[in-house]
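Colleague: I have not looked at this one before. Could you walk me through it?

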Amino acid sequence: MRGSIDGRPPYGLAVWAAVSIILSLMIYASPGRLAQGGSLMPMLPLITIFIWSSIRPRFMPPFVIFIVGLMQDLITGGPMGVWALAYVVALMIMRVREEDGAKREIGPIWFRFVGVVAIATFIAWCAGSLATGGPAAIRPMLVEAAATVLMFPLIGLLTIRKRSSRSGFGI
C-alpha cells in the first residue's frame with residue numbers, strides 16, 4: 001500500500017511543475033506565434049501557474065511567477081516586465097484557496113481563474129501602454145484572454161480528474 005502523499009518528498013512534483021511551466025512557455029511561443037501568426041493562443045503559462053498555485057502553492061512563490069512572466073516577455077518580444085507584473089499581481093490578489101470548497105469542483109476554480117485572467121489582462125494592457133507610450137491594442141489581448149478562459153476547463157478537468165483518483169485536487 002502506498003504511503004500518504006503528504007508524507008512523501010515533493011521532489012518529483014517539483015520537477016513536474018518546472019517541466020510543465022517550460023512546456024507551456026514553449027507551446028505559447030510556438031513557431032506560428034513567433035512568425036506573427038494568429039493570436040488565438042491561450043495564455044498557457046498563466047493556466048499552468050494558476051493550476052500549480054492551486055495544487056501546491058509553495059511551488060509557485062511570487063519570484064517564480066515573476067520569472068515565468070519575464071520569460072514570456074522575452075520569448076514573445078514584448079516589453080520586459082509586462083506579463084511578469086501582471087501575473088504576480090493577479091495571482092497574489094486571487095490566491096485564496098479556501099473559496100474552492102473541499103471537493104475542489106471546477107466551477108469555483110474556473111470563476112476564480114476568470115478573475116485572474118481579467119486582472120492580468122488589464123494590468124498587462126496598462127503596463128504595455130505605459131511601456132510603449134501609447135494605448136496598446138486591446139483586441140488581441142481580449143481574444144487571447146477569451147481563448148485562455150475557454151481553454152482552462154479542459155486542462156482543469158484533466159488535472160482534477162487525475163488528482164481525484166489519488167486523493168482529491170489538493171495533492
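Modeller: Start with Ser20, which sits in helix H1. Helices (DSSP runs of H or I, at least four residues) and strands (runs of E, at least two) are numbered from the N terminus. This is a predicted model, in which local features need pLDDT of at least 70, side-chain atom pairs count only at pLDDT 80 or more, and totals for chains, interfaces and linings use all residues. Residues are numbered from 1 along each chain as its sequence is written, and side-chain values use heavy atoms, with hydrogens and water left out.

Colleague: Is Ser20 buried or exposed?

Modeller: Ser20 counts as buried, because its relative accessibility is 12%. Buried means under 20% relative accessible area, exposed over 50%, and partly exposed in between, with a 1.4 Å probe and protein chains only.

Colleague: What does the side chain of Ser20 reach?

Modeller: It reaches the backbone oxygen of Ala17, at 2.9 Å. Leaving aside neighbours within four places in sequence, Ser20 is in contact (heavy atoms within 4.5 Å) with Thr48 and Trp52.

Colleague: And Ile21, what does that touch?

Modeller: Ile21 also lies in helix H1. Not counting residues up to four places away in sequence, Ile21 touches Thr48, Ile49, Met60 and Val68. Ile21 counts as buried, because its relative accessibility is 7%. From Ile21 to Leu46 is 25 residues in sequence and 9.2 Å in space, C-alpha to C-alpha.

Colleague: What does Leu46 touch, then?

Modeller: Tyr87, Leu91, Phe113, Val116, Val117 and Ala120, again not counting residues up to four places away in sequence. Leu46 is also among the residues with the most contacts inside the largest nonpolar core, along with Met43, Ile49 and Tyr87.

Colleague: How many residues are in that largest core?

Modeller: The largest nonpolar core has 38 residues. Such a core is a set of buried Ala, Val, Leu, Ile, Met, Phe, Trp, Tyr and Cys residues joined through side-chain atoms within 4.5 Å. The elements giving two or more residues to this core are H1 (11–28), H3 (44–55), H4, H5 (82–93), H6 (106–132) and H7 (138–164).

Colleague: Let's zoom out. How many helices and strands are there?

Modeller: The protein has 7 helices and 0 strands. Along the sequence the pattern reads α-α-α-α-α-α-α. Of the 171 residues, 41% are buried. Among contacts with a separation of 6 or more, 68% are between residues 24 or more positions apart.

Colleague: Which residues of H5 are buried?

Modeller: Val82, Trp83, Ala84, Ala86, Tyr87, Val88, Ala90 and Leu91. H5 has 12 residues and reaches 17 Å from its first C-alpha to its last, close to the 16 Å expected at 1.5 Å a residue. The expected span is 1.5 Å times one less than the number of residues.

Colleague: What about the span of H6?

Modeller: The end C-alpha atoms of H6 are 37 Å apart, which agrees with the 39 Å that its 27 residues should span at 1.5 Å a residue. After H6 comes Gly133, whose phi is positive, near 85°.

Colleague: Where is Arg95 found?

Modeller: Arg95 is in the loop between H5 and H6. Arg95 is partly exposed, because its relative accessible area is 23%. Leaving aside neighbours within four places in sequence, Arg95 is in contact with Ser53, Pro57, Met60, Pro62, Ile65 and Arg112. Arg95 and Pro57 are 38 residues apart along the chain, and their C-alpha atoms are separated by 8.8 Å.

Colleague: Moving on to Thr148, is that buried or exposed?

Modeller: Thr148 is buried, because its relative accessible area is 0%. Thr148 is found in helix H7, and its side chain reaches the backbone oxygen of Glu144 at 2.7 Å. Beyond neighbours within four places in sequence, Thr148 is in contact with Pro42, Met43, Ile47, Phe113 and Val117.

Colleague: Last topic, confidence. Where is it lowest?

Modeller: Among the elements, confidence is lowest in helix H2 (residues 31–34), at a mean of 56, and highest in helix H4 (residues 62–76), at 91. The pLDDT, the predictor's confidence in each residue, runs from 0 to 100. Over residues 98–102 the pLDDT is below 50, and that stretch has 6 contacts in the model beyond near neighbours in sequence. Residues 167–171 also have a pLDDT below 50, with 18 such contacts. For the protein, the mean pLDDT is 80, and 77% of residues reach 70 or more.

Note on methods: Polar contact = N/O pair within 3.5 Å; in protein donor to acceptor, adjacent residues only side chain to side chain.
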